[in-house]
Amino acid sequence: MQKRFVSIWFCHLLADWQLIRRPELAAVPFVFAAADHGRKIITSVSQLAHEAGIEKGMRAADAKAICAGLEILDDKPGRPAQLLRGLGDWCIRYAPIVSIDEFGMDSLLLDVSGCTHLWGGEREYIKEIITKFKSKGYTVRLAMADTTGAAWAVSRWGKRTPLIQPGGHTEALLSLPPEALRLDDALIMKLRKLGFSQIKTFIGMPRSVLRRRFGEAFLLRLAQAIGTEEEVLTPLQPVLPFQERLSCLEPIKTRTGIEIAITKLLECMCKRLQEEGKGLRTGILTGHRIDGKMVQIAIGTSAATHSVSHLFKLFQLKIDQIKPGLGIELFILDAPKTGDVEVPQGAMWTATPGLDDQSVTQLLDRVAGKVGASAIHRYLPATRYWPERSIKGAVSLSEKPVADWSTSRPRPTELLRQPDPIEVMALIPDHPPKFFIYKGVQHQVAKADGPERIEREWWLDEGEHRDYYQVEDDKGQRYWLFRSGHYGVEKKYKWFIHGFFA
Amino acid sequence: MPGVMEAKRDLIHRLQQDILQWQGYKTTSASACGKIGLGTIESAFPGGVFPKRAIHEFITVIPEDAAASDGFIAGVLASLMEDGAACVWVSTSRRLFPASLSTFNVAPERIIFIDVNTEREALWITEEALKCEGLAAVVAELNEISLIESRRLQLAVESSGVTGFILRKDGRKTASTVATARWQISPLPSVTEEGMPGLGFPRWQVDLLKVRNGNPGSYVMEWAGDRFEEIEQSRKYETLPEQEGLKFG
């Protein structure tokens, strides 16, 4: 899915917050200031104070000199982060992944991939957020783009539209100043000094040159804005891993005890999985023994499931591998891999059976747990003539055959893995054998069909073609024989048996 | 007089049913009934119905017999799997060629092959699979199976309703199982129409060696392209000289 990100920049975060709390300040220019090396430095400016010419980073005394009626409020460290967290939690309604912009500490970054259609489109989505924040009293600037970096840049420095069309973010960045790349002050000073006032002046330069001049961090920020480097957002509400713990008062060392522990853990986990519509694909049970060692068993399922009884059966097959030693005091059940469960509609009468039948997948899970998944095979037709390659293993239970099973040519019910050489008496050049000797028994051929020539797939392996004959001996037993290669005086040809017909 | 005869027949029929019940034979529910296309062979079974909730044993000593049994089972599977159900095929040394099953109207992609190394694992899987109600049938190639093991399998199919086919390679110890039916399928010379050259439809000698509460018998069957066809014994002998002529001709 096309990734889309929104950056919400709170232009006057602290000031807006203060105004909401104390509406009487609306007509008064005010600033926030914090003590720094024995002086007061301005950390945040209100709209009115900004218009009066007061900037962030000034000394409070200087500001007071510029604007006589200026109100100076005390700033507490960590307050913006606290405010942003609150606002971010509120923003969960717009996107599942909301994170605080750690660089500027005055904006929120939202991963809105697949969310906007719920508001009727991207434009309506942006409008909705701006209106909601405005009605609350926060002035915000928004931008939506394919990367967080671009969204962040456009929300602050963009002049035209806040909505950057998919794929258009690099173009939108070109005319923006280097500050839009989330760089630290020293780097920006350096860029400015060299005359790079817009991103387009250096975006096309060779990476090696940029790295030597400005370092790796610069390149990373650039790549994150363009989208060549992926940026991972740390969500405010982290996705909880599927993990359950069970600590025991007494160390457990019996099979029954372990079974009870597994059931309890599974009940808790499956309840949560069911609520979230998920199912377990792999499960790891770790037992912490009292001697400090760990024992572990793992299971896997072929389809996501949250059925306690089924998962328990899978674990039950592996309990023998647990060596409890002096006893296990802590059980941890992890589900590192989960998948969405398709909840089947409850059938009033027996549902149509088939490969996707739940009991069949559960059976295969148990078999895979006992003897390994490599023992289970299912075959689909392959569009090839060479008998050994005319079938291929299916990757999954749901894979459907792309071609039809061919029935136009006779194929034996039992096929030998390796053709067995036989001794044959046959008329030259093209007659089926008169008799053949297989495993010391002579078979008189009564009837025969053939030959069916199957050429070797020369692009895969070298060798002679095969001329197959379907023969029936005088007792009625049917075989599939072939002659490898042409008849000839010098050339060696050989006869083989390759299968048995029903 | 006819009224008396009818009453007698009714009485005998009822008595037969009672005896079957006392012998522990459970009549299958209506949904499990139905012909599977075996013709007169089905009448050898109690009630004239091929028992689906049962273990069928096939004695295969030589590979030719194994191939014939595979073909016969595939023909039966075709009607058992008609509703789209899956089948499990357990083996330690499988030679069945999946592509050939389509000639017996079985969709090979609906058969799950489980190839294991030891008999023990094969037995375990067979039992588990027979308990699985979502399957139509389970085919297991087992060399040795004891009385107790066969009882376990029988109990499994009685509760689940899955049909079990067991291909046994040891012909000597056949008496020691509780299978519902014991079969031996061996190939017979095929017959082509009007003495045309080449091979005809696969034809088998089907020996029903043992049937619980039924009548063992011997039949000649042919897989006529898409269904079983029973060959009258007399017709079989009739065609024999023709084959002789072909062989030496």
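Tutor: Two strands pair if DSSP finds at least two bridges between them. Strands (E, at least two residues) and helices (H or I, at least four) are DSSP runs, numbered from the N terminus. This is a predicted model: local features need pLDDT of at least 70, side-chain atom pairs count only at pLDDT 80 or more, and totals for chains, interfaces and linings use all residues. Residues are numbered from 1 along each chain as its sequence is written, while chains are lettered from A and ligands numbered from 1 in the order in which they are written.

Student: In which sense do strand E12 of chain A and E3(B) pair?

Tutor: Antiparallel, over two bridges; E12 of chain A covers residues 376-377. His377(A) stands opposite Phe113(B) in E3(B).

Student: How many strands form the open sheet, and in what order?

Tutor: Ten, with mixed pairing: E12(A)-E3(B)-E2(B)-E4(B)-E5(B)-E1(B)-E6(B)-E7(B)-E8(B)-E9(B). The edge strands, each pairing on one side only, are E12 of chain A and E9 (228-230) of chain B. Inside chain B, E2 (residues 86-91) and E4 run parallel over five bridges. There, Val88(B) has Val138(B) in E4(B) as its bridge partner.

Student: How do I read the angle at which H13 of chain A and H3 of chain B pack?

Tutor: Angles run from 0 to 180 degrees between N-to-C directions; axes are lines fitted to C-alpha atoms, for helices over the stretch in contact. Under 35 degrees counts as roughly parallel, over 145 as roughly antiparallel, 65 to 115 as roughly perpendicular, and the rest as oblique. Here H13 (residues 358-371) of chain A and H3 (residues 119-131) of chain B pack at about 165°, axes 10 Å apart. H13(A) and H3(B) are therefore roughly antiparallel.

Student: Which residues of H13(A) and H3(B) meet?

Tutor: Contact means that C-beta atoms, placed from the backbone, lie within 7 Å. On H13(A) they are Leu363(A), Arg366(A), Val367(A), Lys370(A) and Val371(A); they meet Glu121(B), Trp124(B), Ile125(B), Glu128(B) and Ala129(B) of H3(B). Sort them by type: Ala, Val, Leu, Ile, Met, Phe, Trp, Tyr, Cys and Pro count as nonpolar, Asp, Glu, Lys and Arg as charged, and the others, Gly among them, as polar. The H13(A)-H3(B) contact has six nonpolar, no polar and four charged residues.

Student: How many residues of chain B are in contact with chain A?

Tutor: 47, against 46 residues of chain A. Elements of chain B that each supply at least two residues include H2 (63-80), E3 (111-115) and H5 (233-248). H2(B) gives the most, with seven residues. The chain B side divides into 27 nonpolar, nine polar and eleven charged.

How values were computed: Two residues are in contact if their C-beta atoms, placed from the backbone, lie within 7 Å.
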